[in-house]
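Colleague: I have not looked at this one before. Can you put it up and walk me through some of the details?

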Amino acid sequence: MTTPDTQRPRPGADILRTALRRNVGAMVRGTVLMGLYQAGETAFPIALGLIVEHTMRDRSPAALGLSIGALAVIITTVSLSWRFGMRVLQKANTTEAHRWRVRVAACGLQPVARDIDLKSGEVLTIATEDADQTADIIEVVPLLISSLVAVVVAAVALGLADIRLGLLVIVGTVAILSILAVMSKRIGASTREQQARVARAGAKVADLITGLRPLHGFGGNHAAFGSYRKVSTDAKRQAITVARVNGTYAGTALALNAVLAAAVSLTAGWLAFDGRITIGELVMAVGLAQFIIEPLKMFSEMPKYVMMARASAERMALVLSAPPVTTPGPQRPAAGGGLEVDRVGYGSLRGLKFQVAAGEFVAIAVYQPRAAADLASVLAVNVAPDAYEGVVRVGGQAMADLSVEAVREHMLVNPYDGEIFAGTLRTNIDPSGTSRMIPEAVEASMLTDVVALHRDGLDHAVRDRGANLSGGQRQRLSLARALAADSDVLVLHNPTTAVDAVTEQLIARNVAKLRRGRTTVVITSSPALLDAADRVLVLDDGVITAEDTHRNLLAGDADYCLAVAR
């Protein structure tokens with residue numbers, strides 16, 4: 001059961017083609033404007049050569065004024081075309097990077113949708129750095145074409161003065177690009193390895209942040225930090241290698257460009273000395289030789305950026321082209337329906353079978369914590385239906401026939417360790433901003449004291465992972481979020497383990513009252529929640545071994561009494 005992916009799997013090259021195809025209009029506009037910029041830059045030394053030629057020949061104020069006007073037009077064209085051309089290209093680049101970030105994040109947020117052998121930290125790196133570098137192709141292609149325009153214009157202008165100068169520029173440019181193309185392959189390979197190591201370091205630090213408190217608890221934080229230091233050091237060494245390769249590439253490109261410019265200048269000087277070109281043409285040739293270094297530098301750097309964009313696109317393809325775990329179904333569960341678990345075998349569950357009618361409040365007392373976790377994972381669709389035996393039906397429909405969205409719109413499974421996000425109490429309770437049950441959810445979860453404690457009330461700031469809240473406050477905030485969602489079927493996994501007995505009693509009564517008429521399942525060993533339920537199912541050794549009210553089970557089942565009595 002997965003979220004259908006309307007776009008076919010794409011390798012890195014296909015991702016780049018998609019990015020280019022989606023931005024054809026912006027790239028055409030950017031190419032025209034940047035082409036005008038480069039043509040204007042090239043025209044400047046040509047104009048200087050013509051000015052010298054005509055001024056020396058005519059020696060008139062009118063010719064001088066006309067020349068100054070021509071230079072003003074060229075300078076204005078260069079300024080405006082660069083300004084608006086880069087604006088168009090950078091807007092398209094930023095927009096395209098955003099699209100790929102959202103696309104990768106959407107895949108990463110569907111844990112059963114794709115078979116991705118990557119940690120969340122690696123997916124995060126791909127969704128940020130790699131998405132940005134892939135989108136750079138939007139700027140690279142227009143800049144490549146505009147640089148080519150400058151080189152061609154310079155070669156034509158020099159060729160009109162003397163064919164040997166034009167051929168020298170063309171042959172030299174081809175030779176430079178051939179050498180740099182070979183070097184850019186090394187950059188691509190090094191960049192891919194660097195990105196992989198940075199992603200592994202990101203995954204390691206994400207794991208450390210998640211488990212920092214438990215690590216401090218048993219003194220394992222130093223060993224964990226040492227492990228991260230090793231991964232980060234590997235990433236640093238590879239980054240140094242990439243920097244060394246990039247430095248060699250840039251130095252080689254600059255040296256080759258300088259050699260070509262010097263060759264053009266010396267050749268023009270020799271031709272002028274022999275009288276084969278005029279003084280004005282010499283000025284033009286020397287000016288173009290100096291100018292041509294910049295477009296040649298840009299032109300020669302483009303292969304490097306293309307290889308970097310391709311390397312990032314190939315890493316994105318690891319996520320976007322990962323095969324789906326299973327094929328989603330087209331059905332939707334019936335509104336207000338119940339929940340049925342029919343002979344489910346997964347992990348510690350052995351042919352588990354039970355049914356919760358629509359509108360019923362059922363508690364499941366699980367003797368083995370592992371079985372509770374396995375059941376919650378199955379119900380939360382963290383496990384694909386074909387990965388376990390049996391069938392789970394929601395609203396009368398088998399999960400295998402439903403999409404993940406359809407299941408999660410109908411049934412909410414709130415884990416015992418629900419994440420708390422940086423923001424406010426309100427945004428944690430109602431992330432979508434659409435719930436109409438925030439006051440009721442706050443009251444039912446006994447979060448009222450936390451809201452009243454702060455001047456800002458529900459708008460009180462919450463730090464990342466709820467660092468400024470106690471364990472009980474975080475748990476009640478997570479419960480309030482689950483209740484505010486008001487889903488047809490609500491599954492709570494140990495929602496009160498971090499609160500005191502009195503608060504737990506009040507929460508149990510409030511949840512039963514608020515959820516009256518809505519299907520509710522609580523996986524718990526809390527006597528208060530067990531007593532508030534319409535009936536209790538006892539899950540022992542992977543199967544249901546008893547079923548009755550809490551008080552009847554206390555009176556007649558010694559094992560149950562021993563497991564849940566406090």
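**Rings, sheets and helices**

Colleague: What is the relative accessible area of W82?

Modeller: W82 has a relative accessible area of 37%, which makes it partly exposed. Here buried means under 20%, exposed means over 50%, and partly exposed is in between, with a 1.4 Å probe and protein chains only. This is a predicted model: local features need pLDDT of at least 70 and side-chain atom pairs count only at pLDDT 80 or more, while totals for chains, interfaces and linings use all residues. Residues are numbered from 1 along each chain as its sequence is written, and side-chain values use heavy atoms, with hydrogens and water left out.

Colleague: How many aromatic pairs does a search of the whole structure find?

Modeller: One aromatic pair turns up in the whole structure. Y37 and W82 form it, tilted, at 5.0 Å centre to centre with 50° between the planes. Rings of Phe, Tyr and Trp (its six-membered ring) pair if their centres lie within 6.5 Å; planes under 30 degrees apart are stacked, over 60 edge-to-face, and the rest tilted.

Colleague: Where in the chain are Y37 and W82?

Modeller: Y37 is in helix α2 (residues 24–58) and W82 is in helix α3 (residues 61–108), 45 residues apart, and the pair links distant parts of the chain. Helices (H or I, at least four residues) and strands (E, at least two) are DSSP runs numbered from the N terminus.

Colleague: Is Y37 buried or exposed?

Modeller: Y37 is buried, at 14% relative accessible area.

Colleague: And what lies over the face of W100?

Modeller: R22 does, at 4.9 Å from the ring centre. The rule is that NZ of Lys or CZ of Arg is within 6 Å of the ring centre and within 35 degrees of the ring normal.

Colleague: Zooming out, how many helices and strands does the chain come to?

Modeller: The chain has 20 helices and 12 strands. Of its 566 residues, 46% are buried.

Colleague: OK, helices. At what angle do α1 and α5 pack?

Modeller: Helix α1 (residues 12–22) and helix α5 (residues 137–161) pack at about 70°, and their axes are 9 Å apart. Axes are lines fitted to C-alpha atoms, for helices over the stretch in contact, and angles run from 0 to 180 degrees between N-to-C directions. The two helices are therefore roughly perpendicular; that word covers 65 to 115 degrees, with under 35 roughly parallel, over 145 roughly antiparallel and the rest oblique.

Colleague: Which residues of α1 meet α5?

Modeller: L16, A19 and L20 of α1 meet I137, I138 and V141 of α5; contact means heavy atoms within 4.5 Å.

Colleague: Now the sheets. What is the strand order in the open sheet of six strands?

Modeller: The order is β6-β9-β10-β3-β11-β12, with mixed pairing. At the edges are β6 (411–414) and β12 (543–548), each pairing on one side only. Two strands pair if DSSP finds at least two bridges between them. Strands β3 (residues 361–366) and β10 (residues 519–523) run parallel and are joined by four bridges. A363 has V522 in β10 as its bridge partner.

Colleague: Which helix packs on that sheet?

Modeller: Helix α11 (residues 369–379) does, touching β3, β6, β9 (489–493), β10 and β11 (535–540), and its direction makes about 150° with that of β9. Among the buried residues of α11 are A371, L375 and L379. Just after α11, V381 has a positive phi of about 60°.

Colleague: What about the sheet of four strands, what is its order?

Modeller: It is an open sheet in the order β2-β1-β4-β5, with antiparallel pairing. β2 (349–356) and β5 (397–398) are at the edges with a single partner strand each, so one side of each has no neighbour in the sheet. This sheet too is packed on by α11, which touches β1 (339–346), β2 and β4, its direction making about 60° with that of β2.

Colleague: How many residues lie between β4 and β5 in their hairpin?

Modeller: Two, and G395 in that turn has a positive phi of about 60°. β4 (residues 389–394) and β5 pair over two bridges, and V394 has Q397 in β5 as its bridge partner. On the β1 side, five bridges join β1 to β4, with L339 opposite V394.

Colleague: Last one: where is G347 found?

Modeller: G347 is in the loop between β1 and β2, and is exposed at 65% relative accessible area.
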